[in-house]
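Hello,

Here is the structure we talked about. Please have it open while you read the notes below.

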Amino acid sequence: MGTALVSGGLTTLARALSPALTRVAAPALTRAAYHGPPGLTLTRAFTEWTFDPWMTAFVVILGGGYLAGVRRQRDWPVASRIWFLGLGLGFLVIATMGFVGAYQPVLMYARALQTVLLVLVAPLFLALGRPISLAIAVFPGAGRRLEAAIHSRLARLITFPAITAFALVGVPFVMYFTSWYAAVYHSGVVRELTFLALMAPGLVFFWTLLRVDPVPKRYSYAVSMWITAAEVIGDAFLGIAVIADQNQIGAAYYHALARPFGPSLATDQVLAGGVLWVLGDLVGLPFLAAQLIQMMREDDSDAARIDADLDAKEAELQTAATVRDEPGQAGEPGHAEEPKPWWEDDPRFTSRFRAPQD
């Protein structure tokens, strides 16, 4: 009977402690099931790296080709080299193989940071490096064919600003709100193609609006400002949509991952939305600065051309006055035809002085 009492007491105690034991053991089981990088710290943000052979080959090909072109075009601007080789390829490496690439499979906000780097940051600096102009300068024959393709009707259609801005925002939006998001974690091929799919709209967007390389059509900077504003609104919309989504994005993957550190899944998603929203808009600042610089250069060029036209017209007027005042010329003084003001013949102002039609 004593044995029965002891056995019954132990059973009751075990049942009472079962929930507590489960809560204590669960973290241990979670940690044993987790396979990934350790908790992210400031130190590991500089030391944690991953190796991606396909992206390594891609970066080597881009950098090697650019360096080969620079060696043949020795007067190539240093600033363009820094944009392309230092910042463009540098941010591409960080996004895919630095701490961002290492932690993007386990932290959603790291995945969001990778998205911003691939869609906006790396393409911006790669476009500033003027790779198309370099290729045309190094290979004139192929460059002429390339320029013909750039100025084709199809190229003008594909690079219409509304289309490029829509693709810039639309591709990440589709990725985050479809099964594409989790597919990146289950297939290396999908992951590599996703990197390229995110970069392509950004490259076309910045290439056509910065206009540092030959472009299908030179849109005014007023159009560029409107398109940039639309892109900023699109980034905000994507970030807010991620924050407001009541369903966990990639829920099955993250639950199976059982990450034992960092924020909760819900908090992680809110942080990811904030990164897409705030950082995406902040990245627009250097783009606006680059546009402002190009606008100032264009204004200086236009001013110089107009000054040259004015000087030429003034020289013509002075020559005509000298010929008219020289003795021995045909016609009496006062009967020579007075030269018209230069602006009446300038095509930029002709319409302003045209006589009204009845």
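Asp 268 is buried, because its relative accessibility is 2% and buried means under 20% relative accessible area, with exposed over 50% and partly exposed in between (1.4 Å probe, protein chains only). Asp 268 forms a salt bridge with Arg 259, with the closest N and O atoms 3.5 Å apart. A salt bridge here is a side-chain nitrogen of Lys or Arg within 4 Å of a carboxyl oxygen of Asp or Glu. Arg 259 is buried too, at 13% relative accessibility.

Before going on: this is a predicted model, where local features need pLDDT of at least 70, side-chain atom pairs count only at pLDDT 80 or more, and totals for chains, interfaces and linings use all residues. Residues are numbered from 1 along each chain as its sequence is written, and side-chain values use heavy atoms, leaving out hydrogens and water. pLDDT is the predictor's confidence in each residue, from 0 to 100. The chain has a mean pLDDT of 81, and 75% of its residues reach 70 or more. Over residues 1-32 the pLDDT is below 50.

The whole structure holds three salt bridges. Asp 52 pairs with Arg 191, with the closest N and O atoms 3.9 Å apart. Those two residues are 139 apart in the chain: Asp 52 is in the loop between α2 and α3, Arg 191 in helix α12. Helices are DSSP runs (H or I, at least four residues), numbered from the N terminus. Arg 191 also meets Glu 192 in a salt bridge, at 3.1 Å from N to O. Asp 52 is buried at 4%, while Arg 191 is partly exposed at 26%.

Which charged residue is buried yet has no salt bridge? That is Arg 111, in helix α6. The nearest side chain of opposite charge, Asp 268, is 10 Å away; Lys and Arg count as positive, Asp and Glu as negative, and His and the chain ends are not counted. Arg 111 lies over the face of Tyr 181, 4.1 Å from the ring centre. The rule asks for NZ of Lys or CZ of Arg within 6 Å of the ring centre and within 35 degrees of the ring normal.

Ring pairs link Tyr 181 into a cluster with Tyr 176, Tyr 185, Tyr 253 and Tyr 254. Rings of Phe, Tyr and Trp (its six-membered ring) pair if their centres lie within 6.5 Å; planes under 30 degrees apart are stacked, over 60 edge-to-face, the rest tilted.

Best wishes

Key. Contact means heavy atoms within 4.5 Å.
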